[in-house]
Amino acid sequence: MRLTETADVWWKNAVVYCLDVETFFDTDGDGRGDLRGVSQRIDHLAELGVTCLWLMPFYPTPDRDDGYDITDFYGVDSRLGTHGDLVELITLAQDRGMRVIADLVVNHTSDQHPWFQSARASRESPYRDWYVWRDEPPADADKGVVFPDQEDSLWQYDEEAGQYYLHRFYKHQPDLDITNPSVREEIMRVIGFWLQLGLSGFRVDAVPFLIDPAGSLDAADLPDPHDYLRDLRAFLSRRSGQAMLLGEVNLPYKDTRTFFGDEDGDELTMSFDFIGMQRLYLSLARSDPAELAKALRERPDPPEEAQWGTFVRNHDELTLDKLSDDERQEVFDAFGPEKSMQLYGRGLRRRLPPMLDNDPARLKMVYSLLFSLPGTPVLFYGEEIGMGENLAIEGRNAVRTPMQWTAEANGGFSTADPNDLAAAVPDGDFSPEHVNVAAQRRDPESLLNWIKLLTQRYRECPELSWGDCTILEHQSPSVFAHRSDCEDGRIIAVHNFAAESARVTLAVAGTGVGVRAVDLLEERTTNVREDGVVDLDLEPYGSRWLRIIRPGDRYIV
């Protein structure tokens, strides 16, 4: 496929931005962000270079799990706005060349959902078999508990129902029975509804749990769980040929690859690279990129029209569960030595800037790396300005604090009393007084303006998202260097993981006279020797993107 024929696979070189409506911008002064607030700040996202806006759950909810406990899959929580507000936001985003996707959370419902209320009330309820029930829990009921500090079993006895029900997550989130054809059909209706309102796809929550029939007495009726994922993708494509499914699959590479489907990619459109993220943090802890390089060499290629989603932070705990115990402890020692910074013994509940001691050079290097790695970069709101976490907030919500727009009270997020905010604003070095959008817009050296530059250059370099990636060999242990080739284009990205300067010698082109390496992040050009080798100097935590220009090339640089 030629690079000029990519409009129908827009996710291949998108810039995805995830936000929580509740903590983004409050327009009515109730302390809670709303859909109108996102609309009012849509130009911030457009200026940043975002091309895909991912909305965390905005559905009606008792809000016991930050909106992931849903009581109506077709609704909009009245505290956040209306369907009309959502359609207006989608329209404003589309006017700026931005698509909108939303969380699809259909592995479970809230226990307050009308389906579950009906199901627990009577064994004759039409919704009884929409959930997974047993008279007695299995012997391994405690195996695979996701939140060990909150739950000790996957099965909960319900007095009203007189049976145990399955819940992979919290006990107030009973699992839907994916083996039930009526449940599968209903999920498709939900997808069709939101596509009709203008969404361009979904981030699919907890995909392995969603398609896993374990616990269902009717599991034999679903011989291949992936058949259901194929059906979802086929339905999505019939309703909207340019819609996508971005999956949360935290499994080893060989297992994650199966969720893309066959070579034509008939299941997930995109999948997050959890393994690469975890190896990145181990490399950062060691100031040595070897583990990241190893992960990228092992990462399987997705189908041609599919893509990996790369990230350095998301809305959950920063999981390190695929590292060994010793490796995980290395990352804890470097970036979260206090128990209050850790979660479940497997991850961190911190944002990147505090972990890196707010070192501007190191932060800029990490985000340069994010945008140059093969895949589609995904940002979590506030990353663009270097927001910190609030460890006084419990659990994963420590990183879901209000967006900091100005140095004013509440960070310009809301006019409400601070005690009425949906979440408390951090204090100290990461308070709005020190970290906010308004100040960074005016500072040419700010992280915000750096990420704007990265998004612009990323979009100008299709080699980074479409090209073949090659890890370059060299003799500088602190330097990570890779090459991306696509059609006649070639980009070299070089990053120094150490606090000391580094010099690296790289073979970047074939033999020839007049070959140049043109920097894309600053005004600088380096001549390539006739043998195709270039010598590069990198500052501490330095980063360089180089386009290789041969005589006669007509690239605009």
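Tutor: Here is a short tour, topic by topic.

Student: What kind of model is it, and which pLDDT limits apply?

Tutor: It is a predicted model; local features need pLDDT of at least 70, side-chain atom pairs count only at pLDDT 80 or more, and totals for chains, interfaces and linings use all residues. Residues are numbered from 1 along each chain as its sequence is written, and side-chain values use heavy atoms, with hydrogens and water left out.

Student: OK. Which strands make up the closed barrel?

Tutor: Eight strands close it, in the order E1-E2-E3-E7-E8-E9-E10-E14, with parallel pairing. Strands (E, at least two residues) and helices (H or I, at least four) are DSSP runs, numbered from the N terminus. Two strands pair if DSSP finds at least two bridges between them.

Student: How much does the twist average from one strand to the next?

Tutor: The average is 25°. Axes here are lines fitted to C-alpha atoms, for helices over the stretch in contact, and angles run from 0 to 180 degrees between N-to-C directions.

Student: Start at E1. How many bridges join E1 to E2?

Tutor: Four, and the two strands run parallel. E1 covers residues 16-19. One partner pair is leucine 19 with leucine 55 of E2.

Student: And how do E2 and E3 pair?

Tutor: In the parallel sense, over four bridges. E2 is residues 52-55. Tryptophan 54 has isoleucine 101 of E3 as its bridge partner. Between E2 and E3 the chain passes through helix H3, residues 83-95, in a right-handed β-α-β crossover. Right-handed means that, with the strands pointing away from the viewer, the path from the first strand over the helix to the second runs clockwise.

Student: Is E3 mostly covered or mostly open?

Tutor: Mostly covered: five of its six residues, 99-104, are buried. Buried means under 20% relative accessible area, exposed over 50%, and partly exposed in between (1.4 Å probe, protein chains only).

Student: What joins E3 to E7?

Tutor: Three bridges, again with parallel strands. E7 is residues 201-204. Aspartate 103 is partnered there by arginine 203.

Student: Switching to domains. How is the protein divided?

Tutor: Domain 1 takes 3-107 + 179-457, domain 2 takes 108-175 and domain 3 takes 468-549. Those bounds come from an automatic or database domain assignment.

Student: How far apart are domain 2 and domain 3?

Tutor: Their C-alpha centres lie 55 Å apart.

Student: Now charges. How many salt bridges does the structure hold?

Tutor: It holds 48. The criterion is a side-chain nitrogen of Lys or Arg within 4 Å of a carboxyl oxygen of Asp or Glu.

Student: Which residue does aspartate 316 bridge to?

Tutor: Arginine 396, with the closest N and O atoms 2.9 Å apart. Aspartate 316 sits in the loop between E10 (307-310) and E11 (318-319), and arginine 396 in the loop between E14 (376-380) and H14 (437-441), so the pair ties together parts that are 80 residues apart in sequence.

Student: Are those two buried or exposed?

Tutor: Both aspartate 316 and arginine 396 are buried. They also belong to a salt-bridge network with Asp65, Asp66 and Arg400.

Student: What about arginine 230?

Tutor: Arginine 230 bridges to aspartate 227, with 2.6 Å between the closest N and O atoms. Both lie in helix H7 (residues 226-239), three residues apart, about one turn of the helix. Arginine 230 is partly exposed at 27% relative accessibility, and aspartate 227 is partly exposed at 33%.

Student: And arginine 529?

Tutor: Arginine 529 pairs with aspartate 531, the closest N and O atoms being 3.4 Å apart. Arginine 529 is partly exposed at 39%, and aspartate 531 is partly exposed at 42%.

Student: Last topic. How many disulfides are there?

Tutor: The count is zero, where a disulfide is a pair of cysteine sulfur atoms within 2.5 Å. For cysteine 469, the nearest cysteine sulfur is that of cysteine 486, 13 Å away. For cysteine 486, the nearest is that of cysteine 461, 11 Å away.
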